[in-house]
Amino acid sequence: VVSDAAGARTGSGKWRQREDGGGVELLTSRVMMPSRNNATAGVSSSKVKYSKLADSDDGYIDLQFKKHIPKVPYKAIALATVLFLIGTLLITIGALLLTGYIDSSYSDTTWPVLIIGILVFLPGFYHLRIAYYASRGYRGYSYDDIPDFDD
């Protein structure tokens, strides 16, 4: 355990001279939690990745802001596609019933078909739009915004 100038414990690591000549910096490794068995004892030191600590300690480290690659929720996108297609079909049928291109023996079925089509279409369109923008890399859109099924 290494102490800094104020005497606070900063963790284990190695000190090295900064390349720009501005003093020394502490190199730390990712913390590996000890386990009860010695299965991780054989990890070689060449696989340990080091990261530079910030000059000011404000409670944040650079690694927590590192972007991760989200996994693509294929099942949720497939469900959104099915909802979108069924909703489009029901809206089309409802519109044709409403305009009279399809002769309906029961005219009271027109509005429920149209309303159900809209209710099915909207979530499918919403999630497909998020998936499209996330795949194109638009700022503010991510696959994390699409609810995924827990496998």
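Predicted model: local features only at pLDDT ≥ 70, side-chain atom pairs only at ≥ 80, totals over all residues.
Tutor: Ala, Val, Leu, Ile, Met, Phe, Trp, Tyr, Cys and Pro count as nonpolar, Asp, Glu, Lys and Arg as charged, and the others, Gly among them, as polar.

Student: Which residues line the second largest pocket?

Tutor: The general idea comes first. Rolling a probe the size of a water molecule over the atoms shows where empty space is left. Here, K67, H68, P70, S142 and D144 form the lining of the second largest pocket. Its volume is about 180 Å³. Sorted by class, the lining has 2 charged, 2 polar and 1 nonpolar residues.

Student: What makes up the largest nonpolar core?

Tutor: In soluble globular proteins, nonpolar side chains tend to be buried together. In this model, the largest nonpolar core has 6 residues: A76, I130, A131, A134, Y143 and I146. Helix α2 (residues 110–136) gives the largest share, 3 residues.

Student: Which residues does A134 touch, not counting those up to four places away in sequence?

Tutor: Y141, S142 and Y143. Of these, Y143 is also a core member, while S142 also lines the second largest pocket.

Student: How many salt bridges does a search of the whole structure find?

Tutor: Side chains of opposite charge can pair when their charged atoms come close. The search finds 1 salt bridge. K71 and D148 meet through their side chains at 3.7 Å, N to O. The pair links distant parts of the chain, 77 residues apart. K71 sits in the loop between β3 (50–52) and α1 (74–99), and D148 in the segment after α2.

Student: Why does K71 count as exposed?

Tutor: Because its relative accessibility is 60%, and exposed means over 50%. D148 has a relative accessible area of 31%, so D148 is partly exposed.

How values were computed
Residues numbered from 1 in each chain as written. Heavy atoms only, no water. Core = buried A, V, L, I, M, F, W, Y, C linked by side-chain atoms within 4.5 Å. Buried < 20%, exposed > 50% of the residue type's maximum accessible area, 1.4 Å probe, protein only. Helix = DSSP H or I, 4+ residues; strand = E, 2+ residues; numbered from the N terminus. Contact = heavy atoms within 4.5 Å. 1 Å grid on protein atoms, 1.4 Å probe; cavity = no way out; pocket = protein on both sides within 12 Å on 5 of 7 lines; lining within 4 Å. Points joined across faces, edges and corners; volume = space filled by probe spheres on them. Salt bridge = Lys/Arg side-chain N within 4 Å of Asp/Glu carboxyl O.
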